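Subject: Structure handover and findings

Hello,

Here is the structure for your files. My notes on it follow below.

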Amino acid sequence: MDFNDPMLALSSSIGQIGDFGLDLVWRFIHIVVTLCLIVSGIFELVESYAISLGLIQKYSSIDIEKLKCLAVVVDIEAARDVSKVIELLRWLTTIGVKQVGVFDSQGLLKKSKDMILEMVPRSVLLQETGENNISPDSIALEFISSFDNKEAVVKAANILLQKYLKSIHPENGEGENVFTESHLNEALRVVGECVHVPDLLLVYGPVRSHLGFPAWRLRYTEIVHMGSLKYMRYGSLLKAIHKFTGVRQNYGV
């Protein structure tokens, strides 16, 4: 490039100024977004403590009957801290939740279920009591891992496949290929598997994901990311449950 040419020199200077301006705009946007996140975090923290202290009246009453089944997903690192899980389950007992599924991908919490049942007041194992026999003052717990129910799902899929094959019409070689939720439930009942589909799924982990929770159990489930289990707050838990129970659920036809 010939910098002795005034036009080329001017063009180069304008390009450098433009790059500098874009860098300033990017840094400004980054600062604004960071400040917004900090302010939002502080607001949520203050709100959570206010809810915990009962200072916000609308959270004082929850129609807990709308929440038939709740599931809690814990990432694998947090699952090693059983004491935090026990504290969370105690909070759910206080709120009045009757049925809770506790999930971690490796089944670490399932291995500690005896201790958890002993440490959580009025807790029972859902598989032993059944969802129709839960006493009003108890909380029924189900421990779930990524390895559960896979064999049952395979057997249920085979039943649905056989049903499809039997429905094939000889004249056109086509069969009934519409399977509904009732078909799946019936197939699972045939293989002796009772499926509890959560209404609300609370995810405690570093990412916004269900962290391996069986997707076929999330048919109409609302998923809420709660952040790290290490920094869980009672007010945030109460707010999430209150928001769910206050929303009208519309299911597709």
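A residue is called buried here when its relative accessible area is under 20%, exposed when that figure is over 50%, and partly exposed in between. Please keep in mind that this is a predicted model.

Overall layout

The protein has eight helices and six strands. Of the 253 residues in the protein, 34% are buried.

The strands

I will begin with strand 1, residues 70-74, where five of the five residues are buried. Leu70, Val72 and Val74 point one way from the strand, while Ala71 and Val73 point the other way, and all of them are buried.

Which strands does strand 1 pair with? Strand 1 runs parallel to strand 2 (residues 99-103), with four bridges joining the two, and parallel to strand 5 (residues 200-204), with five bridges.

Strand 4 covers residues 139-144, and six of its six residues are buried. Ile139, Leu141 and Phe143 point one way from the strand, and Ala140, Glu142 and Ile144 the other way. Note that Glu142, a charged residue by class, is among the buried ones.

The largest pocket

The largest pocket has a volume of about 590 Å³. Of the 20 residues that line it, Glu44, His225, Met226, Arg233 and Ser236 are the closest to its centre. Helix 1 (6-52), strand 6 (222-227) and helix 8 (234-245) are the elements that each give two or more residues to the lining. By class, the lining is made up of seven nonpolar, six polar and seven charged residues.

Salt bridges

How many salt bridges does the structure hold? There are three.

- Asp23 and Arg27: their side chains meet at 2.9 Å, N to O. Both residues lie in helix 1, four residues apart, which is about one turn of the helix. Asp23 counts as partly exposed because its relative accessibility is 32%.
- Glu77 and Arg80: their side chains meet at 3.7 Å, N to O. Glu77 counts as exposed because its relative accessibility is 51%, and Arg80 counts as exposed at 55%.
- Lys84 and Glu87: their side chains meet at 3.6 Å, N to O. Both lie in helix 2, three residues apart, about one turn of the helix. Lys84 has a relative accessibility of 18% and so counts as buried, whereas Glu87, with a relative accessible area of 31%, is partly exposed.

Backbone points to check by eye

Arg122 is not a glycine, yet its phi is positive, near 60 degrees. Arg122 is found in the loop between helix 4 (113-119) and strand 3 (123-125), and its relative accessible area of 44% makes it partly exposed.

Leu211 is the other residue listed, with a positive phi of about 55 degrees although it is not a glycine. Its place is the loop between strand 5 and strand 6. Is Leu211 buried, partly exposed or exposed? Leu211 counts as partly exposed, because its relative accessibility is 22% and the cut-off for buried is under 20%.

Regards

Definitions and conventions: Residues are numbered from 1 along each chain as its sequence is written. This is a predicted model: local features need pLDDT of at least 70, side-chain atom pairs count only at pLDDT 80 or more; totals for chains, interfaces and linings use all residues. Side-chain values use heavy atoms; hydrogens and water are left out. On a 1 Å grid over the protein atoms alone, a cavity is a set of points where a 1.4 Å probe fits but cannot get out, and a pocket is an open set with protein on both sides within 12 Å along at least five of seven lines; lining residues have an atom within 4 Å of a point. Grid points are joined across faces, edges and corners, and a volume is the space filled by probe spheres set on the points. Buried means under 20% relative accessible area, exposed over 50%, partly exposed in between (1.4 Å probe, protein chains only). Two strands pair if DSSP finds at least two bridges between them. A salt bridge is a side-chain nitrogen of Lys or Arg within 4 Å of a carboxyl oxygen of Asp or Glu.
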